Amino acid sequence: MAKRPKAPPSHALPSQALADPGQTAALTEGRHGDPFGYLGAHPLKAGGWVLRVFRPGAEAVEMLPAPPRRKPVALERVAGSDLFVAALEDDPGAYRLRPRSTQDEWEEHDPYRFPPVLGESGRGRVPPIRPA
């Protein structure tokens with residue numbers, strides 16, 4: 001009986017396999033209903049993690065891992081979009097991002113690394129802001 005080939009480890013998957021075209025289009029068009037559920041770092045069912053960063057205007061993005069890891073991880077741009085992705089072997093922890101444009105390079109926190117402050121139950125409890 002022939003053995004079934006094993007699936008490639010998640011960190012070996014191509015960037016296109018880590019990005020959903022429908023969700024990427026929704027982000028680009030500003031109509032995504034749950035960006036925290038798609039962007040940032042998320043565990044994969046097959047093992048490993050995926051990091052997705054939506055950064056319009058960037059030519060490249062690197063993830064700067066928290067110590068003790070020292071080596072930056074280059075994210076791949078998903079063709080035809082401003083989404084960058086990387087497959088990671090484990091949870092990246094308290095990482096930072098280094099986007100680069102044709103004119104500049106900077107470091108920043110990934111806002112999607114932090115969970116939303118209000119859950120579903122708290123959204124209706126915040127009073128609306130009224131003009132003075």
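I started with the side chains of S6: Leu-83, Val-85 and Ala-87 point one way, Phe-84, Ala-86 and Leu-88 point the other way, and all are buried. The model is predicted, and I read the entries below with that in mind.

I then looked up the burial of the strand as a whole. S6 covers residues 83-88, and six of its six residues are buried, so the strand is largely enclosed by the rest of the structure.

Next I checked the sheet. It is open, has four strands in the order S1-S2-S6-S5, and pairs in the antiparallel sense. Which strands are at the edges? I found S1 (40-43) and S5 there, each pairing on one side only.

I went through the pairings of S6. Strand S2 (residues 49-54) runs antiparallel to S6 and is joined to it by six bridges. For Val-53 I noted Phe-84 as the bridge partner in S6; Phe-84 is also one of the buried residues listed above.

On the S5 side, I noted that S5 spans residues 76-77 and pairs with S6 over two bridges, again antiparallel. Glu-76 has Val-85 as its bridge partner in S6, and Val-85 points the same way from S6 as Leu-83 and Ala-87.

I looked at the hairpin of S5 and S6. Five residues lie between the strands, and Gly-80 takes a positive phi near 75°.

Last, I turned to the rings. How many aromatic pairs are there? I recorded one aromatic pair. I also looked up Tyr-95: the charged end of Arg-113 sits over its ring, 6.0 Å from the ring centre.

Methods
Residues numbered from 1 in each chain as written. Predicted model: local features only at pLDDT ≥ 70, side-chain atom pairs only at ≥ 80, totals over all residues. Heavy atoms only, no water. Phe/Tyr/Trp six-rings, centres within 6.5 Å; stacked < 30°, edge-to-face > 60°. Lys NZ or Arg CZ within 6 Å of the ring centre and 35° of its normal. Buried < 20%, exposed > 50% of the residue type's maximum accessible area, 1.4 Å probe, protein only. Pairing = 2+ DSSP bridges.
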